[in-house]
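Please read the following report with the sequence and the structure side by side.

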Amino acid sequence: MDIATPPQPDGTTVLADAAPTPHEPPLIRREDYRPFAWLVPEVSLDFALGIDRTRVRSRLTVQRNAKADHADTIRLNGDGLAALSVTVDGAPCDWSMDGGDLMVPLHGDSHLIAVETEIDPSANTQLMGLYASNGMLCTQCEAEGFRRITFFPDRPDVLSVYSVRMAGPKAQFPVLLCNGNEVATGEGADGSHWAQWHDPWPKPSYLFALVAGDLVANTRRFTTMGGREVTLNVWVREADLDRTGHALESLAKSMAWDEQVFGREYDLDLYNVVAVSDFNMGAMENKGLNVFNTKYVLADQDTATDADYDAIEGVIAHEYFHNWSGNRVTCRDWFQLSLKEGFTVLRDQLFSQDMQGEAVKRIEDVRVLRAAQFPEDSGPLAHPIRPDSFREISNFYTATVYNKGAEVIRMMRTMAGPERFRKGCDLYFKRHDGQAATCEDFILAMERGAGLDLGNFRKWYSTAGTPIVRIERVHIPRDHEDELVFTQWLRRPDGSEVPASFTIPLLIRPFDSFESRWLEPEQLVVLDAPHTVIKVDNRIGALSVNRGFTAPVIIEREIRATELLTLAAHDDDPFARYEAMQELVVGHLTAASGGGLDDSARAAGQEAIRTAFAAVLADTALDDSMRGELLALPGHGYLAEQQLVADPARIHAEREGLKAWLGRELEAELFAHHQRVAARPFTLDSAGKGARKVRMQTLVYLAAGNPDLAAGLAAAQYDSATNMTDRQGALTVLAGLQKPERTARLIDFYNRFRGNDLVIDKWFSLQALSLHPHALEHVKALADHPDFTLRNPNRVRALYMAFAANPHAFHAADGEGYRLLADVILALDPVNAQTAARMVPYLGRWRRTEPGRAALMKAELERILAHGGLSRDTFEQVSRSLG
């Protein structure tokens, strides 16, 4: 593609100030957005379907866009396509190709363009566009997959009404599905059949979907608040039908919740969900026809864990909520991706809080943010939630856009309150229904509808990095009040800091440790300057701050272990109580792994942690779901984030050492809880899930402290398990032990679930993640297993992304783990570039890693970059990681 080309698919132009290197894709900039010169109000598609040969005939009604610059040529994007015929208004035209794009001259104000192409879905290993999966045909068009099906202005601000006819062999494709409502069907004389679909709602091409295959449906009816009767279908292979009940029930719950909480009603007669085993993402919100990774649809007691059940409920809801926050109101260009994704993540989080319990769900969401997004914000791939530029948009489906984007909108909700926030959302939907909107449009609706002044708040959209808030308490002599001084900073990737002035809402509450009571009601403090001072009662013994995690910031303060123990025992905010436990452990492990503890300080730190954990185990008023969260140690990645340069081996050794010490010190209490919850029958309510969480946590500590005892307990738990949570938990512990019980259960698990792809993914993953000293060698062996393939993203993630998250195996001192991952990236890139590119960030943390390992990680990135023919996806990730 030339620099200084006509507008690109997202409406921007390529940077022209520097020519790219021969392998360097052009840079796309947000500031260069221009509306597309042509409107496409109607699209008619005709598919003659075949696994290895599909003929596509498209008819585009185009009209000149009065709000755009004049153009006498229309650019129809294509990727790997050849035009078999092109006509304008029924007559041949003088078309040409510019790279992969079709250029068609148009001289009037409205035209009918007809294009015919032919594609081979069976050869589409990238899983973008129309592709084959286990004998069926399906599509994935977000972000730029539609251009792999037919030539089209493949950008989100071109909205069209679609009519689709598809035909194919009935024996091979008995079910034919598309967006919208089915309006006609028929039989062909040659054993074929056809279906006609119409979607009355204008949509961008990325929301187009088609599925054809041998499927069956679990079906129910839903009546909307306006009285519309909607048929809900979850389509799967027949063997999987009995595992779709939870997904179908979750869909109905999410529809009812969205009506009640956001006033949003469904707008078609059909809502179809299709489960596909080969899928790059989790799910896709295509209008009326959601395509899902089987991982987020299929569940039963024997094959799905509690986490699987929760994830299915959340992802089903997420895709349904997109019907308004993403479909009815879509994004103008891909730089606005967080407009639909961040907003919808918040909506699915609020839904899950109502379904599963607010306290534990909030903790889970923050843990994900800190594990995935905080490292992204402090590394070479950092970007604002509304990026300014990209080379490959697929690389910006990130934790920053999704999770941090959700936190930014949650802050608006915190400042406005639920009722005013709802008014802002209502105004946003009213103003922009049927439009392609921007993040700024959402902010303006919140300012008007919720009554917020968001002038300074906009910095969250344009600034990368996680703000740091430092809190200092200043004693005022002869006064009843002290000062709390809040200062804001933004840390650059090189470790330097600059003053910051974000709008940051913090919920705080002071506690009187002497009288064991709260001094004041909860208070919302909104910081909006580099330096903020507030007055507080000088009897404060401990300060509960950022309660509920009201802002996605790092809090730094001088705080004694006694204060943290007070908050861990008495804080009435569940997240703040969890945070006190985490701070206690993080402070100790950070100092220990940094070499900053002498024997006395180490002993004091361990004893404080033991005291806190013992109190959690002894607290009879605590529900098990919360107990399980309070017993969890901070993750390796979050611990590494506490240091500018981290030593993975020392962090791992200190974390495992503390775990083993706690396991020995609290063995009796841990064992008692393990036995207490073991007798509880299986239920999917909060109490049942909490009991299984405690059973797993106690077994983990016992395995670290007394491997012989834990091996017997884990083997017995595995053998008697009535559900996948208990069985997988036991096997996870056994996989990390060098005990005879390990091998027999690994073999039994494989044989028991052989043929069930999702469960065998678990078998690969738990071995790749295990604490076993030979985990690296096990991963190499598993790569040669007959059930492993690079063509299935779930299987690749199960083995190699799990391995890359294993601190002791991946960070082997000789760099073998890094070499292994680099080899996989190079082998996978030509097969599935999106999945390959998502592995690069594991090597991209080299600047934050101790020098020896950093050099090895960097060398592997350089080796990847030197390889010819990299995809845009992988090239961008590697080149940015190297800086």
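## The largest cavity

In this predicted model, the lining of the largest cavity is made up of four nonpolar, four polar and five charged residues. The volume of this largest cavity is about 150 Å³, and of the 13 residues that line it, those closest to its centre are Ser-378, Arg-491, Ile-554, Glu-641 and Arg-848. A search of the whole structure finds eight cavities of 30 Å³ or more.

## The second largest cavity

The second largest cavity holds about 110 Å³ of space, and 16 residues line it, of which Val-545, Arg-557, Ala-576, Glu-579 and Glu-583 are the closest to its centre. When the lining of this second cavity is divided by class, nine residues are nonpolar, two are polar and five are charged.

At least two residues of this lining come from each of strand E32 (542-545), strand E33 (554-557), helix H9 (561-570) and helix H10 (574-593). Helix H10 contributes the most to the lining of the second largest cavity, with four residues.

## A sheet of four strands

Elsewhere in the description comes a sheet. Four strands form an open sheet in the order E10-E11-E16-E13, and their pairing is antiparallel. Strand E10 (129-133) and strand E13 (175-178) are the edge strands, each of which pairs on one side only, and neighbouring strands of the sheet are turned by 20° against each other on average, if direction is ignored.

Strand E13 and strand E16 (residues 210-213) run antiparallel and are joined by four bridges. Leu-176 stands opposite Ala-212, which belongs to E16.

Methods
Residues are numbered from 1 along each chain as its sequence is written. This is a predicted model: local features need pLDDT of at least 70, side-chain atom pairs count only at pLDDT 80 or more; totals for chains, interfaces and linings use all residues. Side-chain values use heavy atoms; hydrogens and water are left out. Two strands pair if DSSP finds at least two bridges between them. Axes are lines fitted to C-alpha atoms, for helices over the stretch in contact, and angles run from 0 to 180 degrees between N-to-C directions. On a 1 Å grid over the protein atoms alone, a cavity is a set of points where a 1.4 Å probe fits but cannot get out, and a pocket is an open set with protein on both sides within 12 Å along at least five of seven lines; lining residues have an atom within 4 Å of a point. Grid points are joined across faces, edges and corners, and a volume is the space filled by probe spheres set on the points. Ala, Val, Leu, Ile, Met, Phe, Trp, Tyr, Cys and Pro count as nonpolar, Asp, Glu, Lys and Arg as charged, and the others, Gly among them, as polar.
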